[in-house]
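Have the sequence and the 3D view ready, and let's take a walk through this structure together. We'll stop at a handful of spots and look at what sits around each one.

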Amino acid sequence: MAVEEFEPRIVAFMCNWCTYAGADNAGVARLESPANILPIRVMCSGRISPELVLRTFREGADGVLVMGCHLGDCHYSSGNHRTIKRIPLLKSLLGFAGINPERLQLEWVSAAEGPRFTQVTKAFVERVRTLGPLSEEVAA
Amino acid sequence: MDYKNVLTTCVYCGCGCGLYLEVLDGRVIGVWPAKTHEITDGKLCIKGWNIDGFIYHEDRLKTPLIRKDGHLVEASWDEALSLVAEKLGTIKAESGPDSIAFLSSAKGTNEENYLLQKLSRAVIGTNNVDHCARL
Amino acid sequence: MNEQPVPSIIEAIRQTVAERLQELDGVVGLRRSSEGVAPHVFQQGDDLSELEIVPRYPLTTVVSRLHKSFPEIRLGIVARGCDERAFVEMAKRNQIDPDRLFILGIACTAEEAEECHCAAPFPKHLVVGKPVAPGSPNPVVAEYDNTPLAKRNAFWRRQFAKCIKCYGCRNICPECFCEDCAMEDPAWVEPGLLAPPFPVFHLIRAMHMASRCVACRQCDLTCPAHIPLTVLYDLMRRDMEATLGYIPGEDIKAPPPLSVTLNEAPLLVNTGHMD
């Protein structure tokens with residue numbers, strides 16, 4: 001009897017200038033990225049507020065990826081300075097509340113890093129697969 | 001500058017939590033729970049916290065309204081009460097006292113509730129008295 | 001031998017306020033009346049025998065309201081350590097004008113420090129009373145690193161299931177001033193659900209408290225469901241201090257780190273994304 005494998009639902013916030021272009025780059029090069037990813041393009045990773053991430057989990061994401069430009073490359077110079085402070089703090093907070101902090105991940109992926117995009121997303125999907133559905137950690 | 005906190009009782013339910021209305025120059029600007037109040041113990045529910053929400057609300061009725069030709073029109077208290085008395089009398093005469101029901105409110109005081117059931121039983125002659133919580 | 005009686009703490013505070021009222025438009029403190037004890041703005045001529053120091057209310061909120069309504073008003077505040085810290089954070093965010101507020105600092109008692117598990121039960125501008133030692137840390141917080149994830153999860157699910165969404169924690173908080181509160185925004189918190197969805201509702205607040213919470217414990221005291229909110233906020237504060245070296249209320253010149261660049265508020269630890 002085949003057991004249905006858990007397919008994690010991942011939402012990936014990607015900044016327009018770097019990561020989204022990097023994802024595009026991966027696609028054009030015919031590199032395979034996991035289908036579990038729901039991409040959402042934002043202008044800068046610095047606009048990712050904690051409430052946006054939390055609502056994303058609430059809406060059914062088992063994992064959330066926040067991806068943007070490397071430090072120094074931000075199109076708005078210092079948008080990602082906020083990201084690098086906020087996302088690790090939010091991860092800690094998830095851990096304090098008893099939700100596995102590995103469900104939230106921050107990665108820098110530049111426009112030229114197509115292969116890195118596929119590698120990061122694949123690894124994240126597999127990591128979240130081992131963590132199981134989020135519903136087990138938040139269901140009433 | 002006249003700043004004061006006025007202790008009052010929340011009108012929203014039978015608990016009767018104590019709270020302060022924060023008043024600045026004659027206008028209510030906020031709410032504080034009463035920390036020394038036996039019932040409240042410094043805590044309020046969402047209704048108590050928003051007790052000041054209706055005071056200056058634009059939808060708050062300032063005069064009685066009577067429906068004339070399908071539209072609600074401002075009226076005086078005399079006009080409104082006379083109309084209610086006349087209509088209740090007519091309904092009671094035509095359909096009997098038990099065709100009328102009186103529904104009271106937790107927002108009212110005990111005294112107001114007493115008066116309403118007196119009106120219902122002694123004046124109209126019906127025991128159909130109940131309370132908003134049963135709606 | 002005739003000795004001058006040593007004034008009690010409360011008498012000393014009343015005396016200080018009386019003196020300062022000669023140069024200030026008002027002093028924000030607590031007033032006792034036949035109805036109870038509530039925040040008040042004492043002005044010249046008021047009966048200062050009515051001034052009290054318990055129970056604690058977030059007096060900086062009163063200051064903020066008055067500073068905004070009266071742009072010239074000069075006020076004093078009878079402030080404990082937490083009130084002073086709250087003032088510092090509000091001043092940074094342009095909610096209180098530091099040039100128009102004078103701290104009349106009072107120290108908490110040892111019992112009060114213990115009740116609040118307070119790390120700094122006295123203000124820097126201490127005028128009356130002697131500093132006492134910090135209260136012992138909250139045992140739940142102290143043991144948190146050894147508490148496994150599943151246990152933390154069960155703990156908070158049980159706690160937050162009690163929430164009646166009264167917004168008391170936010171209303172009483174001396175730091176909360178946003179007119180459009182994220183906790184009320186239907187984009188983040190679905191309306192009409194009781195208990196509010198775990199963990200969105202409470203974690204939004206906890207994140208927003210990250211650079212603001214001064215451990216005054218008002219939220220704990222005001223929650224009708226007795227949810228130990230400041231356990232979470234204490235952990236966030238510990239993280240903020242470790243990663244950004246930031247302690248809310250400590251330094252009026254330190255900018256809120258999560259809103260500014262790495263040049264203005266650098267990370268102290270390598271979170272693995274420094275490239």
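Start at C:Ser64, which counts as buried because its relative accessibility is 5% (buried means under 20% relative accessible area, exposed over 50% and partly exposed in between, with a 1.4 Å probe and protein chains only). Before going on, know that this is a predicted model: local features need pLDDT of at least 70, side-chain atom pairs count only at pLDDT 80 or more, and totals for chains, interfaces and linings use all residues. Residues are numbered from 1 along each chain as its sequence is written, chains are lettered from A and ligands numbered from 1 in the order in which they are written, and side-chain values use heavy atoms, with hydrogens and water left out.

Back to C:Ser64, then: you'll find this serine in helix α2 of chain C (helices are DSSP runs of H or I with at least four residues, strands are E runs of at least two, and both are numbered from the N terminus). Setting aside neighbours within four places in sequence, C:Ser64 is in contact with C:Met90, C:Gln95 and C:Ile96, where contact means heavy atoms within 4.5 Å.

**How the chains meet**

Which chains share the most contacts? Of the 2 pairs of chains in contact, that's chains A and C. Chains A and B, on the other hand, have no contact joining them, and their closest C-alpha atoms lie 22 Å apart.

With 0% relative accessibility, C:Ile204 counts as buried. If you leave out its neighbours within four places in sequence, C:Ile204 is in contact with A:Glu51 and A:Leu54 from chain A, plus C:Ala182, C:Met183, C:Trp188 and C:Val189 from chain C. Take C:Met183: C:Ile204 is 21 residues from it in sequence, yet their C-alpha atoms are 6.9 Å apart in space.

**Two helices crossing**

Stay with α8 for a moment. In chain C, the axes of α8 (residues 200-208) and α10 (residues 229-244) come within 9 Å and cross at roughly 45°. (Axes are lines fitted to C-alpha atoms, for helices over the stretch in contact, and angles run from 0 to 180 degrees between N-to-C directions.) That angle makes α8(C) oblique to α10(C); under 35 degrees counts as roughly parallel, over 145 as roughly antiparallel, 65 to 115 as roughly perpendicular, and the rest as oblique.

Which residues make the contact? From α8(C) come C:His202, C:Leu203, C:Arg205, C:Ala206 and C:Met207, and from α10(C) come C:Leu229, C:Leu232, C:Tyr233 and C:Met236. Sorted by class, the contact of α8(C) with α10(C) has 7 nonpolar, 1 polar and 1 charged residues. (Ala, Val, Leu, Ile, Met, Phe, Trp, Tyr, Cys and Pro count as nonpolar, Asp, Glu, Lys and Arg as charged, and the others, Gly among them, as polar.)

Most residues other than glycine have a negative phi, and most peptide bonds are trans. Here are some places in chain C to compare with that.

| Where | What | Value |
|---|---|---|
| C:Val54 to C:Pro55 | cis peptide bond | omega near -5° |
| C:Leu194 to C:Ala195 | cis peptide bond | omega about 0° |
| C:Tyr167 | positive phi, not a glycine | phi about 65° |
| C:Ala215 | positive phi, not a glycine | phi about 60° |

C:Pro55 is in the loop between β3 (51-52) and α2 (59-69) of chain C, while C:Ala195 is in the loop between α7 (168-172) and α8. C:Tyr167 sits in the loop between α6 (149-160) and α7, and C:Ala215 in the loop between α8 and α9 (218-222). Are C:Tyr167 and C:Ala215 buried or exposed? C:Tyr167 counts as buried at 8% relative accessibility, and C:Ala215 counts as buried at 7%.

**Over to chain B**

B:Ser120 is in helix α3 (residues 110-124) of chain B. Its relative accessibility is 0%, so B:Ser120 counts as buried. The side chain of B:Ser120 reaches the backbone oxygen of B:Thr126 at 2.8 Å. Not counting residues up to four places away in sequence, B:Ser120 touches B:Phe102, B:Gly125, B:Thr126, B:Asn128 and B:Val129.

Key:
Polar contact = N/O pair within 3.5 Å; in protein donor to acceptor, adjacent residues only side chain to side chain.
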